[in-house]
Amino acid sequence: KKIARDSQNAYDYIDKVPAGSFVLFSLDYDPSTAPELNPQTMAVVRHAFKNNLRVGVVTYIAGATGLIEQVFSIVPGEFKKEYGKDYVIFPYQPNAVAVMTQMASDMYVIYDKDKDGKDAKSMPVMRGVKNYKNIALVVEITGTAMLDYWVAYVGDKYGVPVIGGVTAISQPGYGPYLQKKQLKGLLGGMKGAAEYEYLIKTPGTGTSGIDALSLAHVMVAILIIFSNIAMLILKYL
């Protein structure tokens with residue numbers, strides 16, 4: 001199976017992050033883009049847990065909170081990961097740029113509590129984590145322009161590695177970021193999810209979605225062929 005270079009780069013970069021490192025997932029998509037982006041999230045979170053990385057989750061899209069709950073009601077159990085010890089979910093924050101700027105010095109000014117109002121700093125998952133110096137990687141999966149913010153305000157400014165996941169229609173616009181190595185890798189749409197599922201050897205909804213799309217494309221092609229044949233037959237009758 002041929003894997004896109006940007007998907008392979010995303011996988012390779014995460015695969016080299018040392019076990020025990022803290023990785024921040026910014027999941028910024030709503031139900032309208034979830035069919036493409038939820039499979040990406042599931043695949044990358046699986047990879048993170050498989051490699052025993054500590055995971056923190058933030059969002060700046062109110063509609064993402066339910067989707068995040070859905071993902072983390074499934075994936076941690078597959079790897080026997082515990083909330084508070086191996087991963088933590090922070091509450092929705094409306095002002096992304098202000099939060100990103102504050103996190104450069106002390107993230108607990110904003111994220112002193114988790115989504116349930118529990119003290120975040122005392123959780124084992126947050127041990128030794130205070131600001132970007134202690135974050136090994138940011139993974140931004142989004143149906144918005146939030147990936148641009150992470151690159152500009154965090155990646156470029158503070159040297160934090162950033163990997164992205166975006167919709168298929170948005171993917172071409174990130175070519176310059178990839179060329180300049182501002183992004184370490186990028187997943188695009190359902191195809192990117194399917195490729196990542198292949199790399200982690202765990203087929204999911206990305207793979208089944210691509211199979212369904214491929215079948216639909218074949219059916220459309222067959223219908224076009226039959227339509228053309230029918231037109232020719234009618235023309236010469």
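Predicted model: local features only at pLDDT ≥ 70, side-chain atom pairs only at ≥ 80, totals over all residues.
Local features are reported at a pLDDT of at least 70 and side-chain atom pairs only at pLDDT 80 or more, whereas totals for chains, interfaces and linings use all residues. Residues are numbered from 1 along each chain as its sequence is written, and side-chain values use heavy atoms, with hydrogens and water left out.

In soluble globular proteins, nonpolar side chains tend to be buried together. The largest nonpolar core of the model comprises 71 residues; such a core is a set of buried Ala, Val, Leu, Ile, Met, Phe, Trp, Tyr and Cys residues joined through side-chain atoms within 4.5 Å. Here, buried denotes under 20% relative accessible area, exposed over 50%, and partly exposed the range in between, for a 1.4 Å probe and protein chains only. Phe25, Tyr60, Phe72 and Trp150 touch the most other members of this core. Its largest share, eight residues, is contributed by helix α2 (residues 34-50). Helices (H or I, at least four residues) and strands (E, at least two) are DSSP runs, numbered from the N terminus. Contact, defined as heavy atoms within 4.5 Å, links Tyr60 to residues including Tyr92, Met100, Met146 and Trp150, when residues up to four places away in sequence are not counted.

Glutamate 140 is located in strand β4 (residues 137-142). This residue is buried yet has no salt bridge, that is, a side-chain nitrogen of Lys or Arg within 4 Å of a carboxyl oxygen of Asp or Glu. The nearest side chain of opposite charge, lysine 184, is 17 Å away; Lys and Arg count as positive and Asp and Glu as negative, while His and the chain ends are not counted. The side chain of glutamate 140 instead forms a polar contact of 3.1 Å with that of serine 26. A polar contact is a pair of N or O atoms within 3.5 Å; within protein, one must be able to donate a hydrogen and the other to accept it, and residues adjacent in sequence count only if both atoms are side-chain atoms.

Histidine 47, in helix α2, counts as buried because its relative accessibility is 1%. Its side chain joins that of aspartate 15 through a polar contact of 2.8 Å.

Lysine 80, in the loop between α4 (75-78) and β3 (87-89), has a positive phi near 55° and is exposed at 74% relative accessibility. Lysine 181, in the loop between α7 (175-179) and β6 (185-188), has a positive phi near 65° and is exposed at 59%.
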